Amino acid sequence: MEDGVGLTALMVAAARAIETHRGDSLATDLYAEHFVRAAKASEGWPVREWDVPDGDANPLWGRLARYFGLRTRVFDDHLLRSTRAGARQVVLLGAGLDSRAFRLDWPPGVALFEVDREGVLDFKHEVLDGLRATPKLARKAVAVDLRDDWTGALARSGFNPALPTAWLAEGVLLFLPRTTEEELVSSVDRLSAPGSSAAFEAKLARELPDVHDDRLYASARRQIGLDLLALFDGGPRPDSAGELTARGWSTSDHTPYDFTDHHGRGPRPEPGDPLSGNRWVFAEKLSH
């Protein structure tokens, strides 16, 4: 959990912990703060709104944390909507320290698969076992890197491609090389029965803009020693939404600020905003 990608999982967990205790919270994750406190790298990070220097004016623990809180709520709603509409499986690609298996009220008969690297899942299990946490549905951990044969590992864990599935890649695609993302999208299509859905975060720009000195990324480097831009794959990004459309999926994309408007709270656009190119994409597979 001490490498860069592990630190991003802890950063999102801290954001969820802060969101949980806001007076106007959009998402509740009572497990998030325990992940932050259990890792040496993050033991001094804030997990409450009142612990944040400068409050919402803090670029990292204010604005970016609100972004992650909003994203958590939007993707929570998507997965619950999909499973209530008939999806029998949920696959979290790059699950990180997500605790949806433990905190959401799932309909009966749904199985959830968490795909991530072994070290991330081992740390997660250690913390949750210490809390005696009990999942609210059938949960299976699939320890594999998304750059390796994750589809084979998923199949060995009991995944059934004949059943409608709700897929989620939350905040993971930007870390993957273009070819890996293209293969991932192709695999999702191949493994999805009619009635399946997919949601993921993408960048509108084909290439990441030069935002190295932006206050949001500079704040992450200064406050927690994490260079997010160095972790992103710097090459042109594929049009994954367009690829799913070409394969017969019905797709739509939204800015995060569409959901800020919908919920009446969350981050707002800023001049030179590095988040303004982010899109949250939703897709449904209508037929083979």
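In the predicted model, Trp167 is buried, its relative accessible area being 1%. Phe159 also counts as buried, because its relative accessibility of 7% falls below the 20% cut-off. The ring centres of Phe159 and Trp167 lie 5.5 Å apart with the planes at 55°, so this pair is classed as tilted.

In total, the structure contains 14 aromatic pairs. In one of them, Phe35 and Phe123, the ring centres are separated by 6.4 Å and the planes meet at 45°, so the arrangement is tilted. This pair connects distant parts of the chain, since Phe35 belongs to helix α2 (residues 32–38) and Phe123 to helix α5, 88 residues apart. Phe35 and Phe123 are both buried. Ring pairs also join Tyr67, Phe68, Phe75, Phe259, Trp280 and Phe282 into a cluster.

The protein chain comprises 11 helices and 7 strands. Strands β2 (residues 111–116) and β3 (residues 138–143) pair in the parallel sense through 6 bridges, and Asp116 has Ala143 in β3 as its bridge partner. Helix α5 (residues 118–130) carries the chain from β2 to β3 in a right-handed β-α-β crossover.

The C-alpha atoms fill a box of roughly 50 × 45 × 35 Å along the principal axes. Buried residues account for 57% of the 288 residues. Of the contacts between residues at least 6 apart in sequence, 75% join residues at least 24 apart. The accessible surface amounts to about 12000 Å², with 49% belonging to carbon and sulfur atoms.

Key
Residues are numbered from 1 along each chain as its sequence is written. This is a predicted model: local features need pLDDT of at least 70, side-chain atom pairs count only at pLDDT 80 or more; totals for chains, interfaces and linings use all residues. Side-chain values use heavy atoms; hydrogens and water are left out. Two strands pair if DSSP finds at least two bridges between them. Helices (H or I, at least four residues) and strands (E, at least two) are DSSP runs, numbered from the N terminus. A crossover is right-handed if, with the strands pointing away from the viewer, the path from the first strand over the helix to the second runs clockwise. Buried means under 20% relative accessible area, exposed over 50%, partly exposed in between (1.4 Å probe, protein chains only). Contact means heavy atoms within 4.5 Å. Accessible areas come from the Shrake-Rupley method with a 1.4 Å probe; for residues, only the protein chains shown count as cover. Rings of Phe, Tyr and Trp (its six-membered ring) pair if their centres lie within 6.5 Å; planes under 30 degrees apart count as stacked, over 60 as edge-to-face and the rest as tilted.
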